[in-house]
Amino acid sequence: MEDRNPYILIVDDERGLRLGTQRLLQSEDFTVDTAENGTEGILLGTRNDYDLAIIDMKMPDIDGLEVLKEIKKARPNTVCFIATAFASYDTAIEATRIGAYSYIPKPFTPEELLHQLEKGYNQRVLTIEAEKLRKEREERLLELASEQSRLKTIINSISGGVLVVNKSGEVVYFNNAALKNLNLDSLTIGQYILDKIPEKATEIVSGFIDGATAENLTKSIQIELIKDTLFVEIICSTVLNNDSSFAGVVLIIRNITEMKKIELVKSQFVSMVAHELKTPVAAVQGFLKIILDDSIPITEDQQREYLSRSVGRLQGLLDLVNDLLDISRMELKTKQRELGSLRLKEILESTVQFLKFECEHKNIQVISGIPDNLPVLHADHNELTRLFTNIISNAIKYNIENGKIFITVTEEKHYLVIAISDTGIGLKEEDRKKLFHEFFRAKNEKTRGISGTGLGLTIVQRIVDSYHGKITVESEYGKGSTFKIYLPKTNK
Ligand code: ADP
C-alpha cells in the first residue's frame, strides 16, 4: 500500500471546509473523495476501502458518530478521525469506543491536519501489515494441520504397524496396527518402550537405543507371540538428525502369521509326501532283499508272491505320484482348462461303464436315475470325469460284496446336485470330518486291505472348488455313505 497515494474520504456538510481540505490533501498527493452529508458518507465509506476518513461530528441528516459506526463496521481498517468544533470528554470517549482513531478539533491548520493524518496513515499501514502476517500464519497453520491430519489418516490406515521411538527409548508415535501387531492393549506417548514390547522385540530395539547400532540400517526379524499364533516381522530403521547424529528408531511391524501358516502347511505336506512315498519303496525293497538273500530259504511260490506284492506296492506308488502330479498341476494351473458344454448324464454313464469291471468283480449293482433334460454344464470334460471316477470308484472300493450304488441328479435352485450313495462300510463320524484332508485314510477293520493314496477326495474337493461348487457327505458306519456334489448350473 506504500506504493499508492493515501486514499481518503472527507464527510462534511460545510462546503468551504470540505473543498478546502480536499484541495489541500490533493496537493499532498492524497486521493480524495468527499461526501456532503452523513448518508453519502456511509455510502462511500462502506463501499470503498479508504485508508483514512475525516468525519464531521455534526451533520444535519446523520450524526457523525453514526457514520463512524457504520464505516468501522464495514471497513474496520479504515482509520477514522472525528472533526468537530464542539469536542467534549464524553463524545471523545464514545467516538474512541466506536473506533475513531483520533479527534481533529475545528478549525485546524494544514500542518495540524497533515500531522494527524500521517500518524493515522502509519497506523493503517501497520494494521494492514499485521493483518497480512496473521492471515499468512493462519493459512500456514491450517495447511500444516491438514497436512498432519492427512498423514495421520494415512499412517493409521496402513496395515503395517508404525512405531517411532526417540533416542531415550520413549514412544514418540505409533499407529493402531502397531498395537495390534505387537499384541499390546495400549501404549502412551513418552512411555519407555522396552518395558512394553514383547521380549523378543526388545532385543532389536535396545541395540538401537543404546547406540550400538548408530548407522542408518534396516533389520528384519521374526518374533513369535502368544503361543505360536502371531508371527511378526520388524523392520528397524534409525532416524538421523540433520547433523547425522542419532535421533531415534522407526519400527515397521508386519503381521506375517498367514505367510508362516502357509509355510507350515507346505512343509507338513512335503513331510507327508515323503512319508507316503517311503512306505511302498521300503516294502518293495524288503521283498527284493528277501528274494536276493541266499541265506533266507524261500520257495518259488513265496518268491512269486513277494514279487507280485512288490508290483502291487509299486502300482500304489505310481498312483500316488500321479495323484500328486494332478494336485500340483491344479495348484500351478499348468494344465489349460478346456471348457465345453457337457451333458452330465453322458459323463456319469461313461464313468460307470469305465468302472464296470470293478463293479462286476464285487458284484455291485449300479442304479441310476439321471433325467435326460438336464441343463448342460460349462466345464472341462477331463476334470468332471476325474471327479466322478474318484467318487464312484470309492463307492465300489468301500462297498460290500453284492452291494449297490445309487446315482441321481436333481436340480436345486441354481445347482445341479449329483448324489452318489453306496451300501458300503460307511464312515465313523470322526473320520467323516477328516475325509478331505490330504492323505487321510480311515483306519479300521473294514478298510484293512483296501489300497489307496488318500488323495482322491483331495482332488475331488479341489475340482469342486474350482467350479465354485460344494460337496457334502452323509454316512453311517457299517451301512453306507452318500456324497452330494453341488455344481452351479450357469458356469461360464
Ligand atoms: P483313497 O485313495 O484312500 O480311497 P480318498 O481320498 O479317495 O483316498 O478317500 C479317503 C478315505 O475316505 C478313504 O481311505 C476311505 O477311508 C474314506 N472313503 C472315501 N470314500 C468312501 C466311501 N464311499 N465309503 C466309505 N469310506 C470312504
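Visitor: How many nonpolar, polar and charged residues does the shell around the ligand have?

Guide: The shell has eight nonpolar, seven polar and three charged residues. In this classification Ala, Val, Leu, Ile, Met, Phe, Trp, Tyr, Cys and Pro count as nonpolar, Asp, Glu, Lys and Arg as charged, and the others, including Gly, as polar. The model is predicted, so local features need a pLDDT of at least 70 and side-chain atom pairs a pLDDT of 80 or more, whereas totals for chains, interfaces and linings use all residues. Residues are numbered from 1 along each chain as its sequence is written, and side-chain values use heavy atoms, without hydrogens and water.

In total, 18 residues surround the ligand, where a residue counts if one of its heavy atoms lies within 4 Å. The closest are Asn 394, Tyr 398, Arg 441, Thr 453 and Leu 457. Helix H12 (381-397), helix H14 (456-466) and strand E17 (480-488) each supply at least two residues of the shell; helices (H or I, at least four residues) and strands (E, at least two) are DSSP runs numbered from the N terminus.

Next come the polar contacts, which are pairs of N or O atoms within 3.5 Å. A polar backbone atom of Thr 453 is 2.8 Å from an oxygen atom of the ligand. For Gly 454, a backbone N or O atom lies 3.1 Å from a ligand oxygen, and a polar backbone atom of Gly 456 is 3.1 Å from an oxygen atom of the ligand. On its own, the ligand has 520 Å² of accessible area, of which the protein covers 98%; such areas come from the Shrake-Rupley method with a 1.4 Å probe.

Key: Polar contact = N/O pair within 3.5 Å; in protein donor to acceptor, adjacent residues only side chain to side chain.
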